[in-house]
Amino acid sequence: MIIDVDVLVLGSGIAGLSFALRAAQYGRVALVTKKRDTESNTNYAQGGVAAVIDPDDSFEAHIRDTLTTGVGLCHEDAVEILVREGPDRVRELIELGVRFTRNSKAKNPLHLHLGREGGHSARRIVHAADLTGREIERALVAQVKANHDIRLFEHDHAIDLIIERVNEKKICRGAYVLDSETGDVTAFRAKVTMLATGGLGRVYLHTTNPEIATGDGVAMAYRAGAVIANMEFIQFHPTTLYHPGARSFLISEAVRGEGGILRLSTGETFMEKYHEMGNLAPRDVVARAIDAELKKSGEECVYLDVTHLPPDFIKEHFPHIYETCLSVGIDITKDWIPIVPAAHYACGGVLTDTEGRTTIANLYACGEVACTGVHGANRLASNSLLEAIVFARRAALDAEKSIHSVVPDEVQEFPIENHTLPVSEDELDELTLTLRTAMWKYVGIVRSNERLQKALSVIREVKERAERLYERGRLSPKLLELRNMAQTAELIVLSALWRKESRGLHYNLDYPETDDVNFKRDTLLVRNGPVPEQVSALSASEQFSVGSS
Ligand SMILES: Cc1cc2nc3c(=O)[nH]c(=O)nc-3n(C[C@H](O)[C@H](O)[C@H](O)COP(=O)(O)OP(=O)(O)OC[C@H]3O[C@@H](n4cnc5c(N)ncnc54)[C@H](O)[C@@H]3O)c2cc1C
């Protein structure tokens, strides 16, 4: 079956929803999402959206904090845009019905309560208690459902992008999508396609990310021939709950921001040994410090202590964290919270310019799947929801300019008749576990050449087996995700091997120093036959472009 639309949006997190709402002002939109409408990383975001709202704060300070955290790799033009356009996008979220936490005494004109998080030199985190993402999803999904120009397809799983090659140029014509309930595949033919499929945390055994975060967008874009950037920069959140009953539940950065203290089991504090900002140090420093302390002590976790804060303050500001911890027997007003780091956020992804354009014509990317360059080698807390809303708008405005000149072409139906062999669930589970374990053991917070090589050989074996199963096997979400996770993992490891230095989130014991002479630049990978090739600059056929018919 073929479905014709003007605009195809893959993903219903903050990026996809925001883009869809704007694109619906000028075209018919199909919004395709692989699970339920709200299932996304966005839905789990706790801390908030960073924006300069307080009269005592400044754009310059937010830009400086972002650049400092990104350790020399941020694209400064993208950071300027991110910060300067941020406050207007926050106001628009409020107009769309998002209810952020207010403080009637606050000096800012919106009377928003502004939180503070690690790496920020001012209070600038707009939030809805500690359930910011859920509140944003609620409001945006409601808007999308009320919009007659947007058709929502749930439980529909994008398999691959439809790419036409004209000479050297690649043009995106839409995507093949598996209905995970019926097993049918539809070709969505679109003038413009927005990739908003989110992150990839599930390639690691321990992650804060929900099940949807399997790197599908990066893998699809890579297979289609897009340039992929900076995949080695994976952020590990330093503070996730260590408890068998609630594995990887996130304890928001804001808890340290409001005075939480990291302690060893002896009660001793340690962050002052690692960074001048102590407990408010950036995430990568805190994650590495915890990793080092755990390796030294041989213990399973360290602790976050908020028992010195007033209980009412804790319950008011962190109700979700308070309740979740209480449900597993930890009263955080009285007990220290046992915590460990876990994979959290991908700074790299599908390379885009500041209008969200990828290196494939008519294909945009936005949100966590994209690499706009705002995060560089490390992401400043709460800059990612902001990135999604700022660049979704810019991409939608850009697509509007070109969409009318795009002439839809014929697309082939998906060859579903090739995918008939039964695939064993056990085999898929085993391969997935092997991959995720290797990534956690060898491509984690502290890396080395030997560990990365070990990971590469495991990943390549898993990838080969996944590809073989995919070629003839009956399609299922699990099979598609394994194929995508293996591809994404290979890109992470190859990027990490290429970067022979340590910078931001990438720390290699064999190259502990930062090398600005050779590596103060993005890692760019592009498909070259069966393996990724590292390129130093975009070639003529890989420039950002749209509007090609
Ligand atoms: C626990 C947690 C807390 C966080 N806290 C914060 C915070 O406080 N502030 C902040 O700025 N950031 C935070 N982040 C990061 C932030 O939430 C994400 O980076 C952001 O929400 C990503 O939005 P997105 O729209 O790009 O992707 P997502 O919200 O992940 O949405 C991706 C969508 O794509 C769909 N999808 C994926 N693959 C396919 C496919 N093959 N076919 C069809 N659909 C597909 C998914 O189902 C989903 O709907 C947090 C992340 C986590 C996990």
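**An aromatic cluster and the ligand shell**

Ring pairs join Tyr204, Phe236 and Trp440 into a cluster. The model is a predicted one, in which local features need pLDDT of at least 70 and side-chain atom pairs count only at pLDDT 80 or more, while totals for chains, interfaces and linings use all residues. Residues are numbered from 1 along each chain as its sequence is written, and side-chain values use heavy atoms, with hydrogens and water left out.

The structure holds 7 aromatic pairs (rings of Phe, Tyr and Trp, the last by its six-membered ring, pair if their centres lie within 6.5 Å; planes under 30 degrees apart count as stacked, over 60 as edge-to-face and the rest as tilted). Tyr204 and Phe236 make an edge-to-face pair, because their ring centres are 5.3 Å apart and their planes stand at 80°. Tyr204 lies in the loop between β9 (185–195) and α5 (216–224), and Phe236 in strand β11 (residues 234–241), so this pair ties together parts that are 32 residues apart in sequence. Helices (H or I, at least four residues) and strands (E, at least two) are DSSP runs, numbered from the N terminus.

Trp440 is partly exposed, at 25% relative accessibility.

β11 runs antiparallel to strand β14 (residues 337–346), and 6 bridges join the two (strands pair if DSSP finds at least two bridges between them). Across these strands, the bridge partner of Phe236 in β14 is Ala343.

Turning to the ligand, 37 residues surround it, and the closest are Thr42, Gly48, Asp216, Glu368 and Ser384 (a residue is near a molecule if one of its heavy atoms lies within 4 Å of it). Elements that each supply at least two residues of this shell include α1 (14–23), β7 (156–166), β14 and α10 (383–403). A backbone N or O atom of Ala15 lies 3.0 Å from a ligand oxygen atom, and an N or O atom in the side chain of Glu368 is 2.7 Å from an oxygen atom of the ligand. A polar side-chain atom of Arg379 lies 3.3 Å from a ligand nitrogen atom. The protein covers 99% of the 1000 Å² of accessible area that the ligand has on its own (areas come from the Shrake-Rupley method with a 1.4 Å probe; for residues, only the protein chains shown count as cover).

Conventions. Buried means under 20% relative accessible area, exposed over 50%, partly exposed in between (1.4 Å probe, protein chains only). A polar contact is a pair of N or O atoms within 3.5 Å; within protein, one must be able to donate a hydrogen and the other to accept it, and residues adjacent in sequence count only if both atoms are side-chain atoms.
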